[in-house]
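Dear colleague,

I am handing over the structure below, and I would be glad if you could look through it alongside my notes.

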Amino acid sequence: MQEGIIKESPFEMAQRQFDNAAKYLNLKAGIKAKLRVPKRELTVNFPVKMDDGSIQIFTGHRVQHNLARGPAKGGIRYHPDVTLDEVRALAMWMTWKCAVVNIPYGGAKGGVVCNPKKMSVREKECLTRRFTSEIIMFIGPESDIPAPDVNTDAQTMAWIMDTYSMTKGYSVPAVVTGKPIEIGGSLGRREATGRGVMFTTREALKHLNMPIEGARVAVQGFGNVGAIGAQLLQEMGCTIIAASDSRGGIYNLKGLNVKDVVRHKKETGAVAGYPGTDTVTNKELLELDCEVLVPAALENEITQENADSVKARIIAEGANGPTTPEADDILFDKGSFVIPDILANAGGVTVSYFEWVQGLQNFFWSEDEVNKNLEKIMVKAFQDVLAISQRREVNLRIAAYILAIDRVATATLLRGIYP
Ligand code: NAD
């Protein structure tokens with residue numbers, strides 16, 4: 001990440017993206033004002049007994065942006081930089097994301113300010129269980145369904161599901177998605193976001209008449225989304241020339257063996273030091289000469305400071321909010337093809353939806369069925385967004401927002417105002 005640059009408030013950025021697209025829809029002031037702000041926000045401060053016997057107070061948030069199309073859906077993030085502002089933005093993006101792929105959810109997000117890398121497993125379990133009980137009035141299979149996000153995983157979801165179930169007195173698997181297969185998780189969920197990045201990148205390459213075989217890809221953020229996206233793109237024929245995580249990046253023009261880099265990261269905690277590669281900073285990685293750039297770390301990475309130096313023709317946003325609106329304009333002007341986050345990374349929430357449906361019905365699908373249904377939804381959403389962008393002569397982000405906002409506004413107006 002660039003140092004010394006004050007990053008924009010993610011929520012203001014989310015609102016500006018909304019405003020940029022809403023003007024194409026001739027929405028009335030009332031509905032616009034409603035959709036610009038979250039419906040509900042809950043902030044909790046709670047104690048956790050640490051391994052050394054001390055008590056630490058943690059702050060967590062859960063924000064529900066919009067419920068017009070169904071229950072709220074969104075991940076929970078553990079990170080030292082979590083703020084209410086960021087969670088608001090992420091909740092709003094979830095509303096649009098669910099609407100772009102047309103699944104019956106509204107948007108939510110949660111986060112706890114903590115540094116999980118410095119916590120033991122027991123401390124993380126206590127934090128997760130107590131946070132769950134603090135927000136338990138918000139969540140539920142019919143109301144708000146959490147999922148993993150940065151620094152949370154299937155184990156975290158298992159603790160949330162167990163805590164919720166203990167309070168109810170019976171098992172409620174559909175209260176979370178992204179949980180382990182053994183307790184009702186869906187096959188293909190872990191890989192779903194990366195797989196969605198792969199499907200949308202494939203469609204973009206085809207649309208731009210660019211060869212898939214040998215397309216050079218750089219991936220920033222080598223976690224769930226980045227590493228799996230890289231692996232699936234490699235299996236499809238692309239050459240992954242660079243990868244990075246919070247400790248820096250690696251580069252090899254001949255291509256990385258993604259599976260082996262994953263093993264190296266598992267063993268050493270970082271991609272850095274992988275044999276046979278040069279080092280590259282996160283800033284340099286974004287500016288590498290390649291066909292596809294996959295930002296899959298955090299927000300505000302491509303800004304007006306560096307957008308002009310981004311050489312990739314296709315930018316597939318695995319992360320949420322990696323590109324600022326100013327950077328978007330610069331990229332559009334120079335002909336870059338940005339697959340916006342609410343489309344590119346919607347594979348995760350789509351298979352979360354499949355997991356929720358399977359949990360409610362107690363009827364589980366094969367992995368092949370999951371992946372085929374995911375592909376159908378992702379390709380349709382890509383084509384829908386592309387068609388709007390061509391018809392309206394706007395970039396794909398505005399097109400995706402137009403599609404999403406229209407669906408959410410229509411649902412909101414149909415339901416009317418209570419009382
Ligand atoms: P993760 O915790 O599994 O991985 C994040 C990766 O980014 C790690 O490798 C970390 O080291 C790296 N990273 C952190 N800060 C960095 C920095 N400044 N520069 C470079 N790398 C950095 O998280 P994830 O689930 O893969 O999520 C990544 C992004 O994708 C987030 O924006 C998240 O909101 C978004 N996303 C995730 C999912 C999902 O299903 N997991 C779905 C949709 C969107």
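What follows covers the ligand site and then one group of aromatic residues.

This is a predicted model, in which local features need pLDDT of at least 70 and side-chain atom pairs count only at pLDDT 80 or more, while totals for chains, interfaces and linings use all residues. Residues are numbered from 1 along each chain as its sequence is written, and side-chain values use heavy atoms, with hydrogens and water left out.

The ligand is surrounded by 25 residues (a heavy atom within 4 Å), and the closest are Asp 149, Thr 193, Asn 224, Val 225 and Asn 320. Among the polar contacts (N or O atoms within 3.5 Å), a polar side-chain atom of Thr 193 is 2.7 Å from a ligand oxygen, and one of Arg 77 is 3.0 Å from a ligand oxygen. At Gly 318 a polar backbone atom lies 3.4 Å from an oxygen atom of the ligand. Taken alone, the ligand exposes 820 Å², of which the protein buries 89% (Shrake-Rupley method, 1.4 Å probe). The shell draws at least three residues from each of domain 1 (26-172) and domain 2 (192-344), with bounds from an automatic or database domain assignment.

Elsewhere, Tyr 105, Tyr 353, Phe 354, Trp 356 and Trp 365 form one aromatic cluster (ring centres within 6.5 Å, using the six-membered ring of Trp). Both Phe 354, with a relative accessible area of 4%, and Trp 365, with 16%, are buried (under 20%, 1.4 Å probe, protein chains only).

Best regards

Conventions
Polar contact = N/O pair within 3.5 Å; in protein donor to acceptor, adjacent residues only side chain to side chain. Buried < 20%, exposed > 50% of the residue type's maximum accessible area, 1.4 Å probe, protein only. Phe/Tyr/Trp six-rings, centres within 6.5 Å; stacked < 30°, edge-to-face > 60°.
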